[in-house]
Amino acid sequence: MTRTRLATAAISAAVAGTLAVSASPASASASNGYISGGGSFYDDFADEGTLSTASYKDTNATCLWQIILYAEGVKESNGTQFDYADIDGKFGSNTAYATKQLQKAWGLTQDGKVGNKTFGAADDKWNSSTRAGELEYRSTGTTNATKYKIRYHGSRYYFDIFRTGDGKYRFYHKNVWHYATYKSNSGCS
């Protein structure tokens with residue numbers, strides 16, 4: 001029994017170590033066009049571009065953020081939960097309101113913008129006192145487009161995303177895989 005536990009621990013450590021160093025660190029920002037990262041995925045979102053009603057407001061990056069709002073179960077402006085129908089890739093007043101609700105729950109400044117601290121809280125390890133989201137490594141994929149399968153745990157719902165071999169994030173919405181790009185909204189609405 002002890003040998004099995006040691007072998008399991010060794011394999012787990014090797015997989016985690018491979019994930020942490022297998023991809024060279026990427027310089028993630030809106031300028032490269034994609035939500036992306038390298039190395040450990042626990043810090044991939046903290047250096048992304050700001051999403052708001054004024055910047056990157058009609059993009060797949062906004063769509064990914066709205067899926068996070070849905071997974072967290074925050075309230076939208078009419079008092080109901082931000083739901084699947086609200087995911088349209090358009091950062092309008094309803095998304096800004098829901099973002100403020102999530103920022104409040106996470107103990108952040110409530111400005112309705114998804115900047116470094118807000119996006120960064122979404123990839124931090126689960127913190128029960130702030131209820132910040134968590135990314136969890138699930139597996140190594142079989143293709144370069146599905147290099148790492150990662151699960152986002154919200155307070156209400158979880159969903160899976162992939163980080164490609166070149167660090168770009170992909171998510172599934174309306175039966176299609178989308179790149180989390182700052183350049184377009186290719187089907188969230």
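User: Before we start, what counts as a contact here?
Analyst: Contact means heavy atoms within 4.5 Å. With that in hand, and bearing in mind that this is a predicted model, take the contacts between residues at least 6 apart in sequence: 52% of them join residues at least 24 apart.

User: Nice. How many helices and strands does the chain have?
Analyst: There are four helices and five strands. Along the sequence they run α-α-α-α-β-β-β-β-β.

User: And what share of the chain is buried?
Analyst: Of the 189 residues, 42% are buried. The accessible surface is about 9,300 Å², with 51% of that belonging to carbon and sulfur atoms.

User: Switching to pockets: how much space is in the largest one?
Analyst: The largest pocket holds about 150 Å³.

User: Which elements supply at least two residues each to its lining?
Analyst: Helix H2 (60-72), strand S3 (158-163) and strand S4 (169-173) each do. The lining includes Ile67, Tyr70, Phe159, Asp160, Tyr172 and His173.

User: How does that lining divide by residue type?
Analyst: Seven nonpolar, two polar and two charged residues. Tyr84, Ile87 and Lys174 are also among the lining residues.

User: One more spot, Asn94. Is it buried or exposed?
Analyst: Asn94 sits in helix H3 (residues 93-105). Asn94 counts as buried because its relative accessible area is 18%, and buried means under 20%.

User: What does the side chain of Asn94 make a polar contact with?
Analyst: The side chain of Glu76, at 3.0 Å. Leaving out residues up to four places away in sequence, Asn94 touches Ser77, Phe82 and Asp86 as well as Glu76.

Definitions and conventions:
Residues are numbered from 1 along each chain as its sequence is written. This is a predicted model: local features need pLDDT of at least 70, side-chain atom pairs count only at pLDDT 80 or more; totals for chains, interfaces and linings use all residues. Side-chain values use heavy atoms; hydrogens and water are left out. On a 1 Å grid over the protein atoms alone, a cavity is a set of points where a 1.4 Å probe fits but cannot get out, and a pocket is an open set with protein on both sides within 12 Å along at least five of seven lines; lining residues have an atom within 4 Å of a point. Grid points are joined across faces, edges and corners, and a volume is the space filled by probe spheres set on the points. Ala, Val, Leu, Ile, Met, Phe, Trp, Tyr, Cys and Pro count as nonpolar, Asp, Glu, Lys and Arg as charged, and the others, Gly among them, as polar. Buried means under 20% relative accessible area, exposed over 50%, partly exposed in between (1.4 Å probe, protein chains only). A polar contact is a pair of N or O atoms within 3.5 Å; within protein, one must be able to donate a hydrogen and the other to accept it, and residues adjacent in sequence count only if both atoms are side-chain atoms. Accessible areas come from the Shrake-Rupley method with a 1.4 Å probe; for residues, only the protein chains shown count as cover.
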